[in-house]
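I opened my notebook for a first walk through this protein. Here is the structure I had on screen while I wrote.

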Amino acid sequence: MQKEKKKFVLKRFTPYMGSKKALLPLSLVLTGISAVLNILPFVLVWYIIRDILSAPQSIDVSNVSFYAWLAFASAIGGIIVYFCGLLSSHLAAFRVEIGMQKVGMKKILSMPLGFFDKHSSGKIRKIVNDGAATTHTFLAHQLPDMAGSIVTPIILIALIFIVDWRMGLASLLPIILGFITMRFMVSSEGKKFQKKYYDSLEEMSSESVEYIRGIPVVKTFGQSIFSFKRFYNSIIKYKDMVYAYTILWQRPMSFYTTIMQAAAFFLIPMAIFLIGRGENLPLVFADFIFYILISPIFTMILMKSMYFQQNTLIAEQAIDRLDNLLDYPGMGYIENTKNIKNHSLEFKDVVFSYEGSSKRAIDKISFKLNEGETIALVGASGGGKTTIARLSARFWDVDEGEVLVGGINVKDISKEELMDNISFVFQNTKLFKGSLRENIVFGKENAEEEEINKAIDFSQSREIIEGLQDGLDTVIGSKGTYLSGGEQQRIVLARAIVKNAPIVLLDEATAFADPENEHLIQKALKELSRGKTTLMIAHRLTSVQDVDRILVIESGKIAETGTHEELLNKGGIYKRMWDEYQKSVAWKIVSKDTVNKGGQNA
Ligand SMILES: Nc1ncnc2c1ncn2[C@@H]1O[C@H](COP(=O)(O)OP(=O)(O)O)[C@@H](O)[C@H]1O
Ligand SMILES: [Mg+2]
C-alpha cells in the first residue's frame with residue numbers, strides 16, 4: 001500500500017478512465033504544442049524589432065509583414081490547440097469523476113452496516129463526492145496547464161541562452177532565486193502541513209454534520225455550541241491550523257512575488273554594461289526588449305507550477321481517501337445464497353471486538369434460538385446486548401465462531417436473502433423524509449392496502465395517522481409535521497410488521513418512549529413478534545417475564561440463562577435485577593398516589 005501511494009498521480013487515475021485511456025496523454029501533447037505556438041510570436045516579434053532597429057533605412061516590408069502574420073497565425077493556432085487539449089482533458093476528467101463515484105458507491109454498498117456508525121455521512125459524502133469533484137478540477141484544468149509549465153520553460157531557457165547568454169543570465173537570476181524560495185515553501189515540511197490542514201478541514205466538516213443533526217437537542221436543553229465539544233474543538237483546531245499556515249507562508253511568499261517581477265532590475269544594468277563595452281546599441285536594445293517581454297511569461301509559468309504542486313497534492317489526497325475507503329474490509333457478500341432451512345438463530349462460540357478496541361465486546365457466546373421462540377437479553381449497560389443483535393443481522397463479521405441463521409452461516413447467505421428474513425427495530429431507528437405510507441411500505445413495496453391497515457392497527461399507529469390532515473400521505477418533516485419519538489417508533493414498528501420477516505430483532509425498542517407510548521409500543525411489539533423467532537433486548541423487566549428464555553449478558557459473556565422463574569429461584573444477578581426493578585416500580589406507584597392525593601387535597 002505504502003508503495004502504491006508513491007505512484008505517479010496520473011497512473012492512479014487511469015484505472016478510472018475505462019476504455020479511453022488515451023484522452024489524458026492526448027490532452028498533454030496538445031497543450032504542450034499550444035505552449036510552443038504561444039512562444040513563437042515572441043521570437044517573431046524579436047526578429048521584427050531587430051530588423052527595424054539594425055537597418056531602419058532599408059526595411060524589407062514584405063519580410064516584416066510575413067513575420068507579423070506568422071506571429072498572428074501562431075497565436076491563434078495556440079489558442080485552438082489549447083482548446084482541443086482542454087476538451088480531451090475534460091472528457092477524461094468526467095470519466096474519472098464518474099468512475100470514482102461508481103467505485104466508491106459500490107464499495108459503500110458492500111460495507112458492513114456497522115461501518116456507518118463510525119463514519120458520519122458527512123465524511124463518506126466528502127470522500128466519494130467531493131473527492132471526485134476535486135480530481136475533476138485537477139484533471140480537466142490543472143493538468144493540461146502542467147504540460148505547458150514543462151514545455152515552456154525548456155524552450156524559454158534554450159531561447160534565453162541563444163539570443164544573448166549574458167542577458168539571459170541576468171533575466172534568469174531573479175527567477176532562480178524565486179524558484180529556490182518556492183522549492184523551500186513546498187518542501188516536505190510544507191507538504192506535511194498541508195495534509196494536516198486538509199485533515200482538520202475534513203474533521204470540521206464531518207463534525208458540523210453531527211452538530212446540525214444534534215441541533216434539536218441543543219435547542220431543547222438551552223445549550224450552546226460549547227456543549228458540542230468535538231465540533232468546537234475541531235473549529236479551534238482549524239483556526240489554529242489556518243493561522244499557522246498563513247504565518248508560515250507570509251515571508252517567503254512576499255519575497256517570491258517581489259523577486260519574480262524584478263527581471264528589469266537585473267536586465268537594465270546588464271544592458272548598460274554591454275553598451276559600455278561598445279556592443280551594437282540597436283541589437284542590445286532589441287535583445288533587451290525581447291527579455292523584458294519574455295521574463296513575465298517565465299514568471300507566470302513558474303507561478304502556475306507552484307499551484308500545480310499544491311493541486312497535485314490535493315488530488316493525491318482525494319484519491320488516497322478513496323483508496324482508504326476501498327481498503328476497508330468490506331463484507332464480501334456472496335451472490336449465490338445457500339437456502340435457509342428454517343428460521344432459527346444460533347451463535348456458536350462467537351468472539352467479536354470492535355475495530356481498534358483490544359477488549360472483546362463478545363467473548364465466546366453460544367446460544368440457540370429455535371424457530372418461533374423468543375429470548376430476551378438483559379444485563380447492565382455495556383455488556384454486549386446490542387452487539388449480539390447487530391451481529392445477528394451481520395452488521396459486522398465475527399472474529400471467531402459462527403452466526404447461523406436457519407442453520408446457515410450468515411456469510412453464506414446473500415444480503416437480500418438475509419435482509420428478507422430479518423426485521424430489526426433499534427432504539428435509534430428513524431423515519432426518513434417521505435410520506436408515512438412510503439415509510440411504512442419501505443421493506444415491502446408491493447404491500448396490499450389490507451396489510452398496511454393491519455400493520456397500522458397492530459402497531460397502534462391508527463390514532464397518529466388519523467390526527468394528521470393528509471393521513472397516510474402526510475410527508476414527515478413538511479409543514480411542521482412532527483412525530484414524537486414514541487410515535488416514530490410505532491411507525492417504525494408498522495414498517496416491521498408489514499415487512500413480516502420471520503426473525504425479529506428488538507433492541508430496547510421502548511427505551512425512549514414516554515409512559516403513554518410505552519404501553520402502546522409494548523402491545524405493538526407483541527403483535528410484531530407473534531409467532532416469530534424473536535431476540536429482544538429490554539431494560540424494563542416486565543416485558544421479559546413470559547419469554548422462552550432469558551440470557552443475562554455481562555462483559556460479553558452469558559452470565560446466567562433460564563426462564564424467569566428459574567432465574568428467580570437461582571438467586572443470582574437476575575434475581576437482584578428483578579428486586580431492584582420491583583422496588584422502582586413500587587416507588588413509581590407510591591409517588592403517583594402521593595401526587596394524586598396532594599391534588600385532591602388542594
Ligand atoms: N461502535 C462501537 N465501537 C466500539 N466499541 C463499541 C461500539 N459499540 C459498542 N461498543 C463497546 O462494546 C461493548 C458492548 O456494547 P453494547 O453491545 O452496546 O452493550 P449493551 O447493548 O449491552 O449496552 C461496550 O464496551 C461498548 O463500549
Ligand atoms: Mg444496547
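How many Å separate the centres of domain 1 and domain 2, taken over C-alpha atoms? I looked this up to get my bearings, and the separation is 56 Å. The model is predicted, and I kept that in mind throughout. The domain assignment of the protein chain gives residues 12-327 as domain 1 and residues 345-601 as domain 2.

I traced an open sheet of six strands next, and I wrote down the order 6-7-8-3-9-10, with mixed pairing. Strand 6 and strand 10 (557-562) each have a single partner strand and stand at the edges, so one side of each has no neighbour in the sheet. From one strand to the next, I noted a twist that averages 15°.

Then I went through some of the pairs. Strand 6 (residues 422-425) runs parallel to strand 7 (residues 503-507), and four bridges join them. Within strand 7, L506 is the residue that stands opposite V425. Strand 3 (residues 374-378) and strand 9 (residues 549-554) also run parallel, joined by four bridges. There I found I375 with R549 of strand 9 as its bridge partner.

Helix 12 (residues 385-392) lies across strand 3, strand 6, strand 7, strand 8 (533-537) and strand 9, and runs at about 150° to strand 8. Helix 17 (residues 485-499) packs on the sheet too, where it touches strand 6 and strand 7. The direction of helix 17 makes about 170° with that of strand 6.

**Entry: the hairpin**

I followed strand 9 on to strand 10, and the two form a hairpin with two residues between them. These strands run antiparallel and are joined by five bridges. L551 has T561 of strand 10 opposite. In the turn I stopped at S555, which has a positive phi of about 45° although it is not a glycine.

Most residues other than glycine have a negative phi. Q460 sits in the loop between helix 15 (449-458) and helix 16 (462-466), whereas S555 belongs to the loop between strand 9 and strand 10.

Is Q460 buried or exposed? Q460 has 21 other C-beta atoms within 10 Å, and 20 or more are needed to call a residue buried, so Q460 is buried. S555 has 15 C-beta neighbours inside 10 Å and therefore counts as partly exposed.

Definitions and conventions. Residues are numbered from 1 along each chain as its sequence is written. Chains are lettered from A and ligands numbered from 1 in the order in which they are written. This is a predicted model: local features need pLDDT of at least 70, side-chain atom pairs count only at pLDDT 80 or more; totals for chains, interfaces and linings use all residues. Two strands pair if DSSP finds at least two bridges between them. Axes are lines fitted to C-alpha atoms, for helices over the stretch in contact, and angles run from 0 to 180 degrees between N-to-C directions. Two residues are in contact if their C-beta atoms, placed from the backbone, lie within 7 Å. Domain bounds come from an automatic or database domain assignment. A residue is buried if 20 or more other C-beta atoms lie within 10 Å of its own, exposed if 12 or fewer, and partly exposed in between; C-beta atoms are placed from the backbone.
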